[in-house]
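Q: I am new to this structure and would like to go through it step by step. Could we begin with a single residue and then turn to the places where the chains meet?

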Amino acid sequence: MNKRLFAFTALFLAAAGLLTAASPPHLAIRGARVFTVSGAVLEHGTVLLKDGLIEAVGEGIAIPAGVTVIDGTGLNVYPGLIDALSAWGIPETVPAAPAAPAAAATPGQGQQQPPPQPRVRGPEDRPNAFTWVKAADLVKPSEKQIETARSAGFTTAVTFPKQGILAGHGAVINLGGETGGEMVLDPAAGLYTSVTTRGFGTFPGSLMGVMAYLRQLWIDAAYYKLAREAYARDPVTNPRPAYDRALEGLLDTHRLLLPATSRVQIERMLRFGAEFKTPFVLYGGQSAYETVSELKRAGVPVILNVKWPLKEKDSDPEEIPSMKTLQLRDKAPTTPVALAAAGVPFAVCSEGLDAPKDVIKALKKSIDLGLKPADAIRALTLSAAEIYGLSGRLGSIEKGKLANLTITKGDLFDDKTTVSMIFVDGKKYVPAPEAPTPPRQGGAKSPEVGQ
Amino acid sequence: MNAARMLIAAALACGVAHAQQAIVLQNATVHTVTKGTFKGSVVIQDGLITDVGAQVLTPAGAKVIDASGKHVIPGIIDCHTHIALDSINEGSVSVSSMVTVRDAIDPESIAIYHDLAGGTTTVNALHGSANAIGGLNVVLKMRWGKDAEGLVMKEAKPGIKFALGENPKRQGQGGQNPFGASLSPRYPGTRMGVEDVIRQAFTEARQYQAAWKDYNSHEAKGESALPPRKDLKLEPLVEVLEGKRLVHAHCYRADEILMLLRVADEFGFKIATLQHVLEGYKVANEIKAHGAGASTFSDWWGYKIEAYDAIPHNAAVLTRKGVLTSLNSDDVGNGDLSTRLNTEAGKTMKYGGLNEEEALALITINPARQLGIDRYVGSIEVGKQADLVVYDKDPLSMYSKVERVYIDGTQYFDREADVAARSRKDAEKKGLMEKEKAKEKSSEKAADKPGDKPAEKQEAKGAKPHQGGSDE
Amino acid sequence: MNRALIASLAFIVVLAATAAPASAEEGGGSFLLKNVTLHPVSGPKLDNASVLVVDGRIAEVGMKVAAPKTKLRVIDGKGLHVWPGMINSGTTVGLSEIGSIRETNDTGELGIFDPQLRPIVALNPESEYIPVVRANGITMAALLPAMPGGRRSDGANTQLIGGQISIAHLAGWTWEEMEVRRAGGMHLSYPAISAVSFDPATFSTRRGSAYPKAKQQHDLQVQELSGFFDDARAYWTAKKAGVAVKADLKFEAMIPVLDGKVPLVAFASHEREIKEAIEFAERQNVKLVLANVIKPRSALELIAKKKIPVILGRTQVGTDEEDDPYDEPYTLPARLNEAGVKFCFGTFDEQFARNLPYQASQGVPFGLPYDAALRSVTLSAAEIWGIDKDYGSIEAGKVADLVVTDGDLLEVKTDVKMLFIRGSEADLETKHTRLYKKYMARP
């Protein structure tokens with residue numbers, strides 16, 4: 001493509017609002033400690049940013065004239081941190097999806113005694129399957145949580161709608177941008193699955209009901225595809241399959257997120273996930289320290305919930321917890337250590353934590369228990385990018401990758417460290433002054449990892 | 001417990017790698033159940049019983065265990081339980097045959113260990129009774145320490161749960177879910193409706209079966225056609241029609257028992273076991289004629305109206321009238337009755353006068369036959385899997401207790417070791433609690449330097465639990 | 001089976017078939033039971049012994065007892081064993097017929113404090129449970145006005161004082177005839193801190209959370225309870241002093257408790273509430289019996305030190321918590337026994353009330369001496385209820401509540417062959433035996 005044409009195209013796209021409006025400045029960060037993650041740590045490194053991308057990185061590289069230079073002395077530069085599973089950017093109340101046949105309503109969710117719902121007959125009613133919902137359609141740059149997360153050093157999040165059993169498709173988003181569309185890096189990050197049910201009232205009302213339901217849905221989706229193709233081939237002899245948005249959404253799934261916290265759940269979901277032809281990732285994973293060999297064998301990555309279980313604040317002082325509980329509380333923070341040692345890919349998420357910065361604090365606990373800081377950084381950056389298939393664009397400080405950087409004064413995991421600036425798509429942000437921790441969006445919700 | 005699981009897993013891994021060391025249980029009272037009771041020995045090799053009798057040859061290198069004065073019986077089989085499951089009921093629909101409890105196995109449930117401690121080595125883990133046609137079951141061996149699939153007794157015939165009477169019709173009254181939202185009533189609400197649901201389901205299953213047959217014949221002729229949609233709900237019912245899947249039907253009253261037998265006759269399949277079957281004694285002839293087995297309680301009665309005519313002689317009457325009968329626990333949670341099915345069997349000697357062998361058969365060979373696993377377990381015979389229980393005294397007596405339990409020739413329970421490990425386990429727990437407390441204290445210190453805990457003080461003041469004050 | 005035994009059994013069957021329902025106040029029967037193995041409980045076992053019953057009371061026990069008059073009924077019990085009738089120290093037999101049908105249940109009245117309620121008046125002599133329970137050798141029952149464990153959604157007890165505990169014989173034409181003590185005890189469901197919450201996310205209960213709220217509820221109820229006792233005492237004091245008081249049935253019912261004549265039977269299962277209940281009873285200066293003790297932990301020492309008797313519930317149950325030793329419910333009686341605590345058993349239900357003897361023998365392979373097991377369901381129970389002058393053992397002068405068996409009373413295989421209440425032979429036919437015979441005979 002010749003330069004002029006490129007410029008013209010860019011101009012045209014910009015005019016059409018399809019590209020980032022203002023081109024970020026051409027700048028250099030010089031003399032900083034650069035954690036490239038993909039390579040060695042550069043003690044006096046320079047990072048050149050141009051047009052929202054990393055133009056160059058290295059020690060002693062020349063800085064072209066006219067480039068804004070930031071003195072990086074005393075600063076640490078990391079690839080922008082990634083929260084691998086959140087709800088950031090999605091307004092709390094998802095715009096009501098047009099009611100699904102009979103079953104779309106989730107009973108018991110703060111509704112005022114409506115007249116009895118007609119009973120769900122079974123998988124054929126597609127209850128609680130919101131596979132047509134896409135986080136990419138829902139994210140709003142104005143969401144307060146975005147700034148809070150960015151100020152804690154996060155430049156990127158994988159954000160998911162969270163209602164029902166098949167909650168919808170997550171999106172990888174940058175935590176900066178003028179419009180929702182601008183933020184989205186990948187609108188098909190994966191399908192979020194929950195096995196939490198609400199009992200007898202509606203199908204599926206049990207763990208095994210959910211599992212049977214998912215199996216039937218996958219069978220139905222494959223059959224739908226088959227029937228659709230047959231009809232396209234020969235609309236005379238073959239019946240016309242009825243349009244089914246739940247199955248359409250399912251067929252678009254490239255990655256499945258399955259919940260598993262305890263050892264038993266992890267083993268169960270490894271077996272279950274293998275039944276589908278779709279790649280899958282486990283989220284939760286706090287007991288994964290017990291199952292590293294199984295995870296390794298299965299080659300399944302983990303998105304680790306780092307809200308380490310603690311004794312509940314309002315618990316009975318005389319209560320003697322079960323051995324299982326005590327062991328989990330004792331050992332959960334060692335899970336990253338075990339996963340890293342075994343070479344099981346894992347990323348981390350803020351789910352259940354009060355504030356995004358608590359993710360870093362939680363990892364610090366694991367570092368104290370033997371996690372190498374480099375592994376902790378990798379979990380926050382490149383591993384997350386790899387799990388979501390975006391390591392070509394995200395997760396490390398390399399030429400050609402997005403100019404997403406987190407710059408701190410001091411070591412990332414040091415209590416006294418502060419975030420000095422954040423770059424998202426090459427655009428610089430400074431952290432908002434530390435305000436009292438705002439309540440987490442949907443903070444009342446417990447992490448949906450229980451089974 | 002997790003540590004225990006790892007240890008056992010390690011031990012088992014070794015066992016798989018090398019041939020198992022032969023074991024001889026010597027000079028015990030051996031209750032074979034099928035081949036009499038005598039003073040003798042049992043030889044275990046590579047997980048199987050390789051010899052049993054008054055005189056046996058001790059294989060070279062065998063570990064000989066002196067069992068004089070002890071009693072050995074086949075591992076107890078519990079034909080109806082809900083232990084070791086993370087979910088039991090898919091109660092939302094009247095036909096939930098698409099679900100299987102195998103998905104919900106919890107291999108860390110302490111109930112497995114409790115069963116072992118009570119001599120129960122094999123259980124029929126069933127779906128609940130919330131619907132006329134329930135989910136699929138799984139037969140488990142209590143191989144404590146293995147993962148979910150490691151518990152599954154793969155030799156067992158697949159099965160499905162049915163339920164009749166009060167439980168499946170309960171939701172026919174509507175009501176509320178646990179969150180207070182009102183529920184529309186779920187059909188059926190009567191015993192008539194329960195029959196209808198089953199007939200309806202099997203009518204659909206027949207049509208489904210026919211559709212596949214039709215498709216397969218077209219396919220065989222090389223004609224291309226769209227196959228029928230695979231339906232996980234109907235597939236198991238077709239298997240029932242084809243005799244490939246056992247039906248375990250929860251039932252109480254004689255009328256509903258007869259109804260189910262006739263529906264099964266109509267559709268040409270057999271009921272494998274009638275579960276609970278509290279009024280089975282009233283229709284023993286009909287049950288026998290159909291060929292169904294019966295699995296009941298020793299002496300439960302009166303807890304609901306359909307249990308008001310239950311009698312503790314049920315097992316004995318059914319046995320005397322030629323019905324293959326077993327006793328079960330119906331346990332949930334931590335396990336309870338399954339830890340002492342031996343004395344439940346003993347009660348049938350009083351209620352109905354069964355002899356010792358007949359009583360033991362109720363919890364060993366009979367349930368094995370009902371589950372289609374009697375080739376492998378249920379009695380002490382050469383060639384069967386070495387699932388054995390060693391009691392210190394007569395196993396049908398209140399005064400006996402289980403000392404050791406073997407499954408597939410591996411010892412999974414040893415009372416002495418259990419008792420000896422208690423203080424260590426207590427200490428370990430205490431250690432973890434102290435560690436936690438210490439951590440809490442250090443983080444508290446870090447959090448609020450003044451070290452005062454005003455909240456606690458206030459609470460203590462506000463409580464005044466023991467002040468006498470009178471009503472106002 | 002020897003011939004003599006067959007003959008004697010045939011004789012018994014004939015008698016049983018013609019016996020009228022045992023009744024209490026008919027002066028009782030007179031008979032001589034000979035050639036039996038006698039288990040007096042108060043003393044060692046006697047082989048080839050006899051027991052003479054005259055007008056419903058035991059007149060003589062021993063190896064050489066002769067019939068005083070020629071016309072007296074003589075029962076040859078060769079090969080049989082004779083035991084004192086067993087006492088179920090907590091049951092709802094006759095008060096609740098079908099658990100799941102409210103209309104058939106007469107336990108658990110409305111109200112927090114109901115000391116005036118007397119379960120004996122709701123005892124249905126025609127309940128099918130009465131013969132069923134009796135047929136297993138149980139001659140007497142402590143009737144509970146309420147089941148333990150009723151809780152409101154906020155964790156507080158639905159009831160504190162459920163009513164009086166009546167003691168009744170398990171035979172009679174009317175409840176009046178069956179009555180042994182109208183108020184044998186006063187039921188109290190001692191408030192526990194029930195920090196169990198429902199977690200809708202996992203659809204399960206969680207223990208140990210929401211403690212502050214549960215504690216508050218508990219403290220409030222304890223305060224209410226103390227208040228009620230104080231008010232009752234004030235009423236009694238005023239009455240004793242001759243002050244005119246407005247008659248109050250609740251307070252009147254409390255007077256025998258405050259006076260130490262009727263024990264307060266406090267249901268308290270775990271360490272904390274056991275300790276609190278003991279402290280409460282001491283402060284109120286009332287006689288205490290603990291019921292449904294499940295996991296006393298360190299409170300066991302206190303129970304022993306204060307010599308507080310205990311009514312244990314069913315030992316044939318699963319463990320309280322996952323980490324408990326698998327045999328913890330089975331070893332509980334042995335632990336009490338070793339600590340020197342006097343205990344008996346209740347079943348706290350009707351369905352399994354007949355299995356009372358097995359609650360006791362379940363402890364034997366787990367360390368409870370046999371004699372202690374036998375005593376717990378007979379003499380210890382009578383002592384705890386303060387009726388041991390008349391009941392609980394086979395001794396001259398005591399009421400002839402006797403069980404005749406073909407073997408060990410506490411063994412599951414054993415059959416009860418005859419049963420006497422106040423010396424009258426009780427029918428051993430039950431709904432179960434009737435249906436059994438009827439359907440065994442079905443062609």
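A: Let us begin with B:Ser298, which is buried, with a relative accessible area of 5%; buried means under 20% relative accessible area, exposed over 50% and partly exposed in between (1.4 Å probe, protein chains only). This is a predicted model, in which local features need pLDDT of at least 70 and side-chain atom pairs count only at pLDDT 80 or more, while totals for chains, interfaces and linings use all residues. Residues are numbered from 1 along each chain as its sequence is written, chains are lettered from A and ligands numbered from 1 in the order in which they are written, and side-chain values use heavy atoms, with hydrogens and water left out.

Q: Where is B:Ser298 found?

A: B:Ser298 lies in the loop between strand E15 (293–296) and helix H9 (314–320) of chain B. Helices (H or I, at least four residues) and strands (E, at least two) are DSSP runs, numbered from the N terminus.

Q: And which residues is B:Ser298 in contact with, leaving aside neighbours within four places in sequence?

A: They are B:Pro312, B:Leu327, B:Glu344 and B:Lys347, where contact means heavy atoms within 4.5 Å.

Q: Which side chains are joined to that of B:Ser298 by a polar contact?

A: The side chain of B:Glu344 is joined to that of B:Ser298 by a polar contact of 2.2 Å, and the side chain of B:Asp299 by one of 3.1 Å. A polar contact is a pair of N or O atoms within 3.5 Å; within protein, one must be able to donate a hydrogen and the other to accept it, and residues adjacent in sequence count only if both atoms are side-chain atoms.

Q: What about chain B as a whole: how many helices and strands?

A: Chain B has 14 helices and 19 strands. Of its 472 residues, 60% count as buried.

Q: Now the interfaces. How many residues of chain B are in contact with chain A?

A: On the chain B side there are 55 residues, in contact with 53 residues of chain A. The two chains bury about 4600 Å² between them, 55% of it on carbon and sulfur atoms; buried area is the accessible area (1.4 Å probe) that two parts lose on being put together, summed over both. B:Asp103, B:Leu226 and B:Arg229 supply 15% of the area that chain B buries against chain A, more than any other three residues.

Q: How many salt bridges does the rule find across the interface of chain B and chain A?

A: The rule finds 7, a salt bridge being a side-chain nitrogen of Lys or Arg within 4 Å of a carboxyl oxygen of Asp or Glu. In one of them, the side chains of B:Glu108 and A:Lys324 meet at 4.0 Å, N to O.

Q: And chain C with chain B?

A: There, 62 residues of chain C are in contact with 62 residues of chain B, and about 5400 Å² is buried between the two chains, 53% of it on carbon and sulfur atoms. The salt bridges between chain C and chain B number 7, including one at 3.1 Å, N to O, between the side chains of C:Asp327 and B:Arg422.
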